[in-house]
Amino acid sequence: MPDVLTLGETMVMVAPVEADGGISLDSRFALRPGGAESNVAIHLSRLGHATEWVGQLGDDPFGAIILDYLRATGVDVGRVVVDPTAPTGVYFKDSDGQHTDVYYYRRGSAASRMSPDLVDRLVDEPPAVLHLTGVTAALSAGCQALVERLVIRRGLPATRVTFDVNYRPALWPVVDAAPVLLGLAASADVVFVGLDEARTLWGCRDAQAVRDLLPGPAEIVVKNGAVEATSIGTEGTVSVPAPRVDVVELVGAGDAFAAGWLSGLLRGVSALERLQLGHALAGHVLRTTFDDIELPADLRHGLPRTAPTTTSGAG
């Protein structure tokens, strides 16, 4: 039984080997799995936790790349569905060293065909923690129904559900996304959300406004970019400033933060230490063009050095 099960779409990410080279006729590329949920699973596996990723892939070389890579990083993929009638999605990163554009080719992918029937494959070995994101809910009506069954209807009883809002404007407009993501977030045990997302979706101006909107979850974690991350839960309100980082690329940092925080949850550490772990892992990923990389020993085996923090009464 895994410590953490993640479920969603994973595509093949195609990125130039040179971080600031951009895409051209002379570009050399590296292929890696790319998906919010599998990113979290890979990070957690590197941190020593038993993880599993579930999704649907095409019966093609891209699906094989994803399965081989996840297996090599210690992620269980035994319950992944391979669909011979639909492709695995791919996307390209194009970076000039200052700005990164991402081009997705995922329409009609195998993952977009996921449905609530997938839950039947999971009930025999429910995880301690189920981690989902709003990206999956945006892919199709079947995917939305799948996520709602897992989060709102609690398709895996006794499993703690964590939900990263992860709003992607390119997938659906605010008018459609806002009520769906609000319903999912309100039903989860732990919610991750960027303050910019919460402002765009629900008009929230600060972390406390998010908490007022979402009183149900045991804990909410609000990320305010390069400023700070704040958790509000049973330990009150705790804020940890984001470390200064020479940023190469922003893509993937949110997944790394969630993985660091979840690792702290599984280790049984305090809210302060969970935020520190989230920042430490996100900061490590911000220094690369890839969504996951090998972790230094201090992250694999211990907690980072304590960062400044502010706390207040129970929230």
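Modeller: Contact here means heavy atoms within 4.5 Å. Also, this is a predicted model.

Colleague: Fine. Leaving aside neighbours within four places in sequence, which residues is Leu7 in contact with?

Modeller: Leu7 is one of the residues with the most contacts inside the largest nonpolar core. Neighbours within four places in sequence are left aside, and what remains for Leu7 is Glu37, Val54, Met114, Leu118, Leu122, His131, Leu132, Thr136, Leu146 and Leu150.

Colleague: And how many residues does that largest nonpolar core have?

Modeller: As background, nonpolar side chains in soluble globular proteins tend to be buried together. In this model, Val165, Leu181 and Trp202 join Leu7 as the residues with the most contacts inside the largest core, whose residue count is 44.

Colleague: Which helix gives the most to this core?

Modeller: The top contribution is six residues, and it comes from the helix spanning residues 174–187, H5. There is also a second, separate core of 23 residues, with Val190, Val221, Ala271 and Leu281 among its members.

Colleague: On to the open sheet. In what order do its four strands come?

Modeller: Start from S2, residues 11–16, where six of six residues are buried. Six bridges join S2 to S3 (residues 29–34), antiparallel, while three bridges join S2 to S7, parallel. With S8 included, the pairing is mixed and the order is S3-S2-S7-S8.

Colleague: Which strands stand at the edges?

Modeller: Look for strands with a single partner, so that one side is left without a neighbour in the sheet. The twist averages 25 degrees from one strand to the next. The edge strands are S3 and S8.

Colleague: At what angle does helix H2 run to S3?

Modeller: H2 covers residues 61–72 and lies across S2, S3 and S7. Relative to S3, H2 runs at about 75 degrees.

Colleague: Now Thr88: is this residue buried or exposed?

Modeller: Thr88 sits in the loop between S6 (81–83) and S7 (90–95). Beyond four places in sequence, Thr88 touches Thr10, Leu57, Gly58, Asp60, Phe62, Gly63 and Ile66. Its relative accessible area is 7%, and the cut-off is under 20%, so Thr88 counts as buried.

Colleague: Which residue's side chain joins that of Thr88 in a polar contact of 2.9 Å?

Modeller: The side chain of Thr88 also has a polar atom 2.8 Å from the backbone nitrogen of Gly58. The side-chain to side-chain contact of 2.9 Å is with Asp60.

Colleague: Last stop, H8. How far does this helix reach from its first C-alpha to its last?

Modeller: H8 has 15 residues, 253–267, and at 1.5 Å a residue its span comes close to what is expected. The reach is 21 Å.

Colleague: How many of the 15 residues of H8 are buried?

Modeller: The buried ones include Phe257, Trp261, Leu262 and Leu265, along with Asp255 and Ser263. Just after H8, Gly268 takes a positive phi of about 80 degrees. H8 is mostly covered, and its buried count is twelve.

Methods: Residues numbered from 1 in each chain as written. Predicted model: local features only at pLDDT ≥ 70, side-chain atom pairs only at ≥ 80, totals over all residues. Heavy atoms only, no water. Helix = DSSP H or I, 4+ residues; strand = E, 2+ residues; numbered from the N terminus. Expected span 1.5 Å × (residues − 1). Buried < 20%, exposed > 50% of the residue type's maximum accessible area, 1.4 Å probe, protein only. Polar contact = N/O pair within 3.5 Å; in protein donor to acceptor, adjacent residues only side chain to side chain. Pairing = 2+ DSSP bridges. Core = buried A, V, L, I, M, F, W, Y, C linked by side-chain atoms within 4.5 Å. Axes fitted to C-alpha atoms, helices over the stretch in contact; angles between N-to-C directions.
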